[in-house]
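Dear colleague,

Please find below the structure that I am handing over to you.

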Amino acid sequence: MATRKTPTTKDFASERGEGDELHQRVSGRGAADADSYLTTNQGIRVSDNQNQLKSGKRGAVLLEDFVLREKIFHFDHERIPERIVHARGSAAHGYFELYKALPSLTKADLFQRAGERTPVFARFSTVAGGAGSVDTPRDVRGFAVKFYTREGNWDLVGNNIPVFFIQDAMKFPDLVHSVKMEADRGYPQAASAHDTFWDFISLMPESTNMIMWKMSDRTLPRSLATMEGFGVHTFRFVNAKGKSTFVKFHWKPKLGLQSTIWDEAVKIAGADPDFHRRDLFERIERGDYPEWELGIQTFDQEFADSFAFDVLDPTKIIPEEIIPVKMIGRMVLDRWPDNFFAETEQSAFCPANIVPGVDFTNDPLLQGRLFSYLDTQKSRLGTANFHQIPINAPKCPVMNFQRDGMMQMLQPKGRANYEPNSLNEADEVTGPRESALLGFSTFEEPEHDADGSKLRIRAESFADHYSQARQFFHSLHEAEQAHLASALVFELSKVGLAHVRNRMMGNLQNVDEGLAQRVADGLGLPLPKASATAVAAQELDPSPALRIVEGPRQRKTLEGRCVGILFSDGSDPAEINTVRAAVEAAKGKPVFISPKIGGAKLKGGKLLAADGQLAGTPS
Ligand code: HEM
């Protein structure tokens, strides 16, 4: 396999060509310069990287210029299709560290030894926008973590919201079509404030709980390091004796929850479209590593049968006040990728990637996801061998009889590409074999979950669409409730279809009449009758864990936060120092901002350099 040299940090001789073009050239000829030469992909050294091969100084370009052709050919094919959803994302490497072994819950190898670190790669994303869209739209954030365990890769592909819009994967293409830019006009980009999204949502009352979360401040995280993550679905843990326990996964940020308000997010979108990516990069560069605890809610079949909602319904949570979240480890992100494309862009997370000790449930949304990711990644990354791309490759042995295909990087020896075989009897390489003991075996579902008949049907236990939406709204701090109402007014104001706005207000009546009235007032429209419901909303106890403000995960601290110190000509250096010292004492990071990037002359005449210019560094 061709090897690539790491880029040199040497100085080169600079020369100007006849047309004054700059040539940076390797000056020596010795072995010391071996890693400095620019070559083609065939390893041929290049003599001139500024000019094409021409017939005469001002003449036609010659087709035989293989250096030019190769360079342009490769450039022409640099782009690959972006992800159909979650196209805009930022990622980092790190590790997961287990607090305590969990053998009674799961046999998964990464959960067996307290203190052990498992390498991870985590990618955070927005959902609706393209790869080049801004970081701060009002949108759900993806929270995908690849654990490179000793027994294979486990991908926990979650979001920063614990519920989802739809209950059945059959509706996913419709949901995504409705939220993406409208098919005829090609806008809006990265925004749900438009007709087709609200048309679909208003006809899908199962989305109401998710809509409450989406319109809340949760979708305006201040930093990727100040948001929670959720596995959403109910999964199973399976221990060595084959006992299954239901599990829901949570990521809780060490820095606590913090969001921006809408006006900030709007301003940031213009002044710093890469706000979250830059923040993640800078945190890691300055050693302020983002950290989350991994928490689990575990329960048995008896709880599942007695709970007010179906645990297979991904539009419902199990409140933490009913089943507390137990912290089992922490994830620290401490290394930015070397190359954005090679790692972040080519990473392929897939909920079907699980390890022995973790298993699926019959959640109908999860089951659809198990097909979708592998399929789309084959098309996005171009070959069935995308698992060999370093960022996707497991860090444990991979041995099977799969062969060939586009971009095959492995060179297996011998002729054993099938089994059973008896080539070992002829002293030839015989290849790997299955293991009943250590291999992945699917948990046998109890009979009452799957009765065997083939049905296209939605279970009745999925029919309550409003109780938890109401519970969410009632659990918020009143400031958050006001933000949520304003968000609905903003979004519905951008809806041109009057019947869609009306239908949505009818649905909101089932969540909370006061909320529906606020939205109607904000729109300046009469409040329609409540929509019909299959199941009337129950009054559930509020869950304080759902709110950010004054909730259990708000941290009133400057730790891990930047504090802008504004100064200009004539500012008092003593005052600046006092503020700087106070911010540092509170573990915050002072950032000096002045009207001009060159800084300003303080009282006494000393120039203070600025970290950022006022208009270009919004918070
Ligand atoms: C609970 C519901 C869901 C969650 C939490 C979720 C989460 C995610 C996340 C985090 C990503 C980005 C992965 C990355 O960073 O590369 C993603 C991508 C994707 N999701 Fe989902 N998703 C959900 C539902 C679905 C459903 C129902 C489908 C289809 C039936 C689906 C199809 C996809 C596809 C096709 C991608 C792009 C994958 C790629 O190109 O690499 N998702 N999803």
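**A buried histidine**

His-93 has a relative accessible area of 9% and is therefore buried, since the cut-off for a buried residue is under 20%. Please bear in mind that the model is predicted. His-93 belongs to strand β3, which covers residues 89-98. Leaving aside residues up to four places away in sequence, His-93 is in contact with Val-120, Phe-121, Val-332, Leu-333, Asp-334, Arg-335, Trp-336, Pro-337, Glu-343 and Ile-391.

**The chain as a whole**

The protein chain contains 14 helices and 17 strands. Of its 619 residues, 47% count as buried. A compact globule of 619 residues would have a radius of gyration near 25 Å, and the protein chain, with 28 Å, agrees with this. Along the principal axes, the C-alpha atoms fill a box of roughly 90 × 80 × 55 Å.

Two further values describe the fold and its surface. When contacts between residues at least 6 apart in sequence are considered, 70% of them join residues at least 24 apart. The protein chain exposes about 31900 Å², and carbon and sulfur atoms supply 54% of that area.

**The surroundings of the ligand**

Which residues are the closest to the ligand? They are Arg-83, Arg-123, Arg-369, Tyr-373 and Arg-380, within a shell of 23 residues that surround the ligand. By type, the residues of this shell divide into 11 nonpolar, 8 polar and 4 charged.

- Tyr-373: a polar side-chain atom lies 2.7 Å from a nitrogen atom of the ligand.
- Arg-369: a polar side-chain atom lies 3.3 Å from a nitrogen atom of the ligand.
- His-86: an N or O atom of the side chain is 3.3 Å from a nitrogen atom of the ligand.

Three elements, β5 (141-149), β6 (152-159) and α9 (364-381), each give two or more residues to the shell around the ligand. Which of the elements gives the most to this shell? That element is α9, with 7 residues.

With kind regards

Conventions:
Residues are numbered from 1 along each chain as its sequence is written. Side-chain values use heavy atoms; hydrogens and water are left out. A residue is near a molecule or strand if one of its heavy atoms lies within 4 Å of it. A polar contact is a pair of N or O atoms within 3.5 Å; within protein, one must be able to donate a hydrogen and the other to accept it, and residues adjacent in sequence count only if both atoms are side-chain atoms. Helices (H or I, at least four residues) and strands (E, at least two) are DSSP runs, numbered from the N terminus. Ala, Val, Leu, Ile, Met, Phe, Trp, Tyr, Cys and Pro count as nonpolar, Asp, Glu, Lys and Arg as charged, and the others, Gly among them, as polar. The radius of gyration is taken over C-alpha atoms; the globule rule is 2.2 Å times the number of residues to the power 0.38. Buried means under 20% relative accessible area, exposed over 50%, partly exposed in between (1.4 Å probe, protein chains only). Contact means heavy atoms within 4.5 Å. Accessible areas come from the Shrake-Rupley method with a 1.4 Å probe; for residues, only the protein chains shown count as cover.
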